[in-house]
Amino acid sequence: MAAESATSRKTKAGADRPLRVGIAGLGTVGGGVVKLLTENRDVLLQHCPRAIEVVAVSARDRKKDRGLDLSQLDWCDDALALASHPKVDVVVELIGGSDGPAKALVEAAIANGKHVVTANKALLAHHGTALALAAERASLGLAYEAAVAGGIPVIKAMREGLAANRIEHVYGILNGTCNYILTQMRETGREFADVLAEAQALGYAEADPSFDVDGIDAAHKLSILTSVAFGCAVDFDGIRVSGIRNVSAMDIVYAEELGYRIKLLGLSRLTEHGVEQRVHACMVPQSSVIAKVDGVFNAVVTNGNFVGQNVAIGRGAGAGPTASAVVSDLMDIARDRILPAFSAPAETLRKLPSAPVGRRIGAFYLRLMVVDKPGVVADIAAIMRDEHVSMEAMIQRARQPGGPVPIVLTTHETTEAAIARVVVKLDQVEAILEPAHVMPIEMLA
Ligand SMILES: NC(=O)c1ccc[n+]([C@@H]2O[C@H](COP(=O)([O-])OP(=O)(O)OC[C@H]3O[C@@H](n4cnc5c(N)ncnc54)[C@H](O)[C@@H]3O)[C@@H](O)[C@H]2O)c1
Ligand SMILES: N[C@@H](CCO)C(=O)O
Ligand code: NA
């Protein structure tokens, strides 16, 4: 692979020698990239006459059998050596983590004049703007298609195919593990913890599964999408994040009965008060496009002022889909197609104010566990009336004789501030035994 063969030299237009790649990290994604570059070599040469050759690699354990032939490649015990490796044109960072060796490697690679391709959403969520600035000042590429929704070409679509539009909002299912867990909970009636163990066994979850189930992984991806969509600085800290640990099998049953489905979404919108970035479980109409995206699949929905709604669905994780995205980034570099990382030149990216949470308008689902006695419903209705929150539907059904009874309410549109006040007052009602279980309802198409 390292040797420059006759077929790997320039065949049509383009540079006169292969693009030489150094890969750091040979796990799920790194292994997939080496495999794709080998097995799809003919396809790549057909689409991009400049060959792409892996010349050097680095991973933690040299002796590990990965089922890959690495014998012709330079092995670097220290990944940082790739950043100054004389044969390497592009460093592919597939180690992971927002700081530590991944960040050091990417910074050093750029400082040494090497392009960077990464799948590392945590790194970009925390340091994306600064890294893009460094890369652009050096006229280098910083490409990361695999980092957001894995194999779905969402970055390319937004930055290039939809570039003529003012993007109004973007939202999506950005974490396959959560979508898998919620789908399994719905299909089997099982509880969260039970299904999480299965997702981990199947290899979908991040090394630290709390990144998946607490919404952090989805928030990493959303922060990047927001920047590409609105041409602003990446602002991970501006995202309101919660995950799916508190979604119960009971909420899933009620959602179905009310005509909704529960999804963990990342949503980003420009409002007159600033940018609104949220990651949380919510109910969406069963008829919406996003409701039908199940299992490990991801989906990204954008709305552009001329194009209208655009939907992309595909695999957000796994060796094949992520390798597909990493190698397409390498092909762009091989073709000398170097674009600003975030749709606008990094020098122009500014942090936008975050829209105030309390002013957001939306509908809500509330589940209250109550003692079944006269007057409880009247108390609840009075609290809602006093806060001018209008009820849309109510379900009360005894689950077990003598036990607490769930009362489920949905509201018409109201503000988050009003719902927060309702929840505080409900908490003071003696007959309501648990804090209210609240979930936003997103009326998506
Ligand atoms: N797995 C997926 O489906 C997926 C999807 C999208 C993005 N990503 C991202 O891709 C990156 C890699 O993920 P992965 O799933 O392949 O991880 P992984 O744990 O399977 O592989 C990580 C690799 O990095 C190596 N490594 C760790 N520390 C190192 C160091 N200091 N120097 C050199 N190598 C080192 C490990 O030996 C291993 O080979 C992460 O940023 C992840 O978030 C993964
Ligand atoms: N753990 C992530 C992998 C892809 O980033 C997911 O479940 O979507
Ligand atoms: Na992608």
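Modeller: Happy to! Helices (H or I, at least four residues) and strands (E, at least two) are DSSP runs, numbered from the N terminus. This is a predicted model, in which local features need pLDDT of at least 70, side-chain atom pairs count only at pLDDT 80 or more, and totals for chains, interfaces and linings use all residues. Residues are numbered from 1 along each chain as its sequence is written, while chains are lettered from A and ligands numbered from 1 in the order in which they are written.

Now to the ligand. The shell around ligand 1 holds 25 residues, of which Gly25, Gly27, Arg60, Gly96 and Ala317 come nearest; a residue is near a molecule if its C-beta atom, placed from the backbone, lies within 6 Å of it. Helix α1 (residues 28-39) gives the most to this shell, three residues. By type, the shell has 13 nonpolar residues (Ala, Val, Leu, Ile, Met, Phe, Trp, Tyr, Cys and Pro), two charged (Asp, Glu, Lys and Arg) and 10 polar (the others, Gly among them).

As for confidence, pLDDT (the predictor's confidence in each residue, from 0 to 100) averages 94 over the protein chain, and 96% of the residues score at least 70. The model scores ipTM 0.99 and pTM 0.95. Residues 1-14 are a stretch to read with care: there pLDDT stays under 50.

One more spot is Gly274, which is found in strand β10 (residues 274-285). Gly274 and Ser354 are 80 residues apart in sequence, yet 5.0 Å apart in space, C-alpha to C-alpha.

Technical notes:
Contact = placed C-beta atoms within 7 Å.
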